[in-house]
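This report examines side-chain arrangements in one protein model. Please look at the sequence and the structure before reading on.

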Amino acid sequence: YGAMYLSDIMAAYVQRHPHVTLDVMLSDRYADLVAEGIDVAIRIGTLRDSDLIARRLAPCPMMLCASPELLDRLGPFETVGELRHAPRLAFSDAVSAGAWTVVDPNGQAHVIDGPIRMTANNMQILLAAAVRGTGVAYGPSFVFEPDLATGRLIALLPDHQTTDLTIHAVYPTNRQVPLKLRSFVDHLAASLSHPGR
């Protein structure tokens, strides 16, 4: 997410505020902001209870997808029941890595569980595996959109709703938030609520 969506936003912030220096670290791991001296983190998903301040930046819709090759070989995976027997690619750091929940058009929730072919703590690895036909992937739509546009991946169960995660900026509590931190988070919020601005 950082490389795909935040790089231009951060560059624009530095241009507007030449007195501020950014030290950007991209990682999928859960960092301890206080212990590591990090001013602000961008987190996707359900936030853990903590003493951090959180500001909602944008929604993060989730989706299921697979390659045309996998669908030709094992598919078409048009129902939840069929997906329960599909080889799956799971993000290991998710709260429920192996249990994917979808809601059908009638409002009925279904859990997709079953064999997991591969887990990884990095979505790019799971994306590459999905494109190669290794299994069905479940993750943030922004990860899969470029390959969906080219036909290298196909969305599954498009009439079902998936869990939408939220993208937050989180930072340590402090009675007085530094002005540069406040202005940076404001810039992120404004940029993500008006893409292309």
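Does Y5 count as buried, partly exposed or exposed? In this predicted model, Y5 has a relative accessibility of 33%, so Y5 counts as partly exposed. The cut-offs explain this result, because partly exposed residues lie between the 20% limit for buried and the 50% limit for exposed.

**Aromatic rings**

A search of the whole structure finds five aromatic pairs. Two of these pairs involve Y1 and are set out below.

| Pair | Distance between ring centres | Angle between planes | Class |
|---|---|---|---|
| Y1 and Y5 | 5.2 Å | 25° | stacked |
| Y1 and F142 | 4.9 Å | 70° | edge-to-face |

The pair of Y1 and F142 links distant parts of the chain, its members being 141 residues apart. Y1 belongs to the segment before α1, whereas F142 belongs to helix α6, which covers residues 141–150. Through ring pairs, Y1, Y5 and F142 form a cluster.

**A charge over a ring**

Another aromatic ring, that of W100, has the charged end of R88 over it, 4.5 Å from the ring centre.

**D147 in helix α6**

Helix α6 also contains D147. With a relative accessible area of 11%, D147 is buried. The side chain of D147 is joined to that of R152 by a polar contact of 2.7 Å. Leaving aside residues up to four places away in sequence, D147 touches L127, V131, R152 and L153.

Notes. Residues numbered from 1 in each chain as written. Predicted model: local features only at pLDDT ≥ 70, side-chain atom pairs only at ≥ 80, totals over all residues. Heavy atoms only, no water. Phe/Tyr/Trp six-rings, centres within 6.5 Å; stacked < 30°, edge-to-face > 60°. Buried < 20%, exposed > 50% of the residue type's maximum accessible area, 1.4 Å probe, protein only. Helix = DSSP H or I, 4+ residues; strand = E, 2+ residues; numbered from the N terminus. Lys NZ or Arg CZ within 6 Å of the ring centre and 35° of its normal. Polar contact = N/O pair within 3.5 Å; in protein donor to acceptor, adjacent residues only side chain to side chain. Contact = heavy atoms within 4.5 Å.
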